[in-house]
Structure formats: structure tokens, C-alpha cells
Amino acid sequence: MSRSRLPNRAITFLAATAVVATTAGIAAASTAPASEPEKTARASASSGTLISSLKGWGRMDYPDAGQDIQVTVDAHATFEGVGWTRPDKAWGTFRIYHRMPAANGEPELVNWGDFKVDCLTSGGPTATVTGRLVRTGGNVGAWDDYLKRHVRMGISFYVAEGKDSGPSRIGLSGGTEDGEPLLSKCMAPAADAKVIKGGYDLTDRAPAR
């Protein structure tokens with residue numbers, strides 16, 4: 001299959017998420033610096049190291065029920081006190097997997113990418129993970145250019161707990177195109193897509209042992 005002429009169904013998801021990524025990047029660029037009171041509060045906060053982690057696998061709801069989008073994550077971060085909103089260290093991996101079934105004489109299309117985590121933030125039942133693309137696979141080659149530039153993507157998570165908390169949700173950014181600003185660390189769109197199978201385990205800033 002030619003990589004330069006993908007069927008429309010192979011690029012629908014990628015194009016949609018690219019728009020979200022651009023929006024998230026603009027939002028990051030427009031965020032004002034922390035005010036002096038905020039800096040003072042953070043400086044006076046507890047200096048005990050805290051740890052966040054997010055692990056799991058989930059299948060994401062998508063308007064085209066025949067398509068399969070999965071997110072696997074194993075991300076970790078440390079924070080130097082309760083007043084810190086960004087981690088001083090983050091590590092781990094996540095994978096975005098997208099499969100489109102065979103249709104109209106075309107073969108099944110698969111695209112996936114592995115990312116090296118560079119930020120994990122968490123608060124209550126929510127978390128945001130970002131990372132740079134380090135490996136791709138499948139039979140589409142849709143992210144080959146992203147891999148060359150080690151594009152950053154972001155995922156937001158809402159991890160539901162209890163019967164009245166609703167379904168868990170995921171929000172995916174896409175990859176920025178050549179010449180566009182790189183998505184900022186720790187940024188991702190709202191977690192708007194339901195997790196229809198699987199689930200995630202989130203530890204929000206627990207004291208380091």
C-alpha cells in the first residue's frame with residue numbers, strides 16, 4: 001500500500017486529533033506566568049516528596065464503532081511538595097493504538113506509536129500525561145514524519161471511582177505538523193471520550209516511601 005495516498009478512513013482520526021493538539025498548544029502558549037503570591041505559596045509548601053502514578057489499558061469510544069482505539073500507559077512522577085503543580089521528575093511510557101477494519105476491498109489498517117513520558121500531573125481522579133514519540137508500527141506509516149521529529153503528544157484521563165462517578169474518560173491530542181509549535185509538556189485536551197473496556201489505576205501524589 002502506498003504511504004503517500006492513504007484512504008480517507010485512514011486519516012480521519014489523525015486529522016481530528018491534530019486539530020485538538022494545535023488547540024492545546026495555543027492554550028499552553030497563552031497561559032500567564034504564575035503570580036508572586038502563587039510562587040510564595042509554593043515555596044512555603046511542604047517539601048516532602050510525593051509520588052503519582054498512572055497505569056492501565058483502555059479501549060476508547062469512537063463515533064465509528066468499527067474502529068478500535070486503545071491507550072496503554074505506565075507513567076510515574078515525583079513532586080517536591082504539595083504546592084508543586086509540575087513534577088520535578090517524570091518517566092515511563094504510553095502507547096496509542098488505532099485499528100481500522102478491512103472495508104471496500106481494502107486491507108485492515110493499523111497504526112500505533114510508543115511514547116517516552118516527559119510529564120505526568122495528577123489531581124483527584126484526573127491526570128495528564130505527555131511524551132515524545134520514539135517508536136511506530138503497523139501497516140500505514142501515518143506517523144513516520146512524527147517519529148523523525150519526535151513529536152510530543154498528550155493524553156488526559158478521568159479515572160472514575162464508585163458507581164456514581166460515571167465512566168472513565170480519555171482525551172487525546174494529535175501530532176503537530178512540521179513548522180507548528182510543539183505541544184507543551186503536561187498539556188492535553190479535555191478527557192471527553194468514554195473508556196468502553198479496560199481501566200486505569202491512578203495514584204495521586206502519595207507520600208514517597
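A residue is termed buried when its relative accessible area is under 20%, exposed when that value is over 50%, and partly exposed in between. This criterion is applied below to individual residues of the model, which is a predicted one.

The protein consists of 209 residues, of which 41% count as buried. Its secondary structure comprises three helices and eight strands. Read from the N terminus, the order of these elements is α-α-β-β-β-β-β-α-β-β-β. The eight strands form a closed barrel in the order 1-2-3-4-5-6-7-8, with antiparallel pairing. From one strand to the next, the twist averages 30°. Strand 1, residues 50-60, pairs with strand 8 in the antiparallel sense, and 10 bridges join the two. Within this pairing, Lys55 has Asp201 of strand 8 as its bridge partner.

Contacts and surface were also computed for the protein. Among contacts between residues at least 6 apart in sequence, 63% join residues at least 24 apart.

Ser52 lies in strand 1. With a relative accessible area of 0%, Ser52 falls under the 20% limit and is therefore buried. The side chain of Ser52 makes a polar contact of 2.7 Å with the side chain of Ser122. When residues up to four places away in sequence are not counted, Ser52 touches Ala75, His76, Ala77, Phe79, Leu120, Ser122, Thr203, Asp204 and Arg205.

Arg205, one of the residues touched by Ser52, is placed in strand 8, which spans residues 193-207. Although Arg205 is not a glycine, its phi is positive, at about 50°. The relative accessible area of Arg205 is 21%; because this value lies between the limits of 20% and 50%, Arg205 is classed as partly exposed.

A positive phi is also found at His150, a residue other than glycine, where the value is near 50°. His150 is located in the loop between helix 3, residues 144-149, and strand 6, residues 152-158.

Note on methods. Residues are numbered from 1 along each chain as its sequence is written. This is a predicted model: local features need pLDDT of at least 70, side-chain atom pairs count only at pLDDT 80 or more; totals for chains, interfaces and linings use all residues. Side-chain values use heavy atoms; hydrogens and water are left out. Helices (H or I, at least four residues) and strands (E, at least two) are DSSP runs, numbered from the N terminus. Buried means under 20% relative accessible area, exposed over 50%, partly exposed in between (1.4 Å probe, protein chains only). Two strands pair if DSSP finds at least two bridges between them. Axes are lines fitted to C-alpha atoms, for helices over the stretch in contact, and angles run from 0 to 180 degrees between N-to-C directions. Contact means heavy atoms within 4.5 Å. A polar contact is a pair of N or O atoms within 3.5 Å; within protein, one must be able to donate a hydrogen and the other to accept it, and residues adjacent in sequence count only if both atoms are side-chain atoms.
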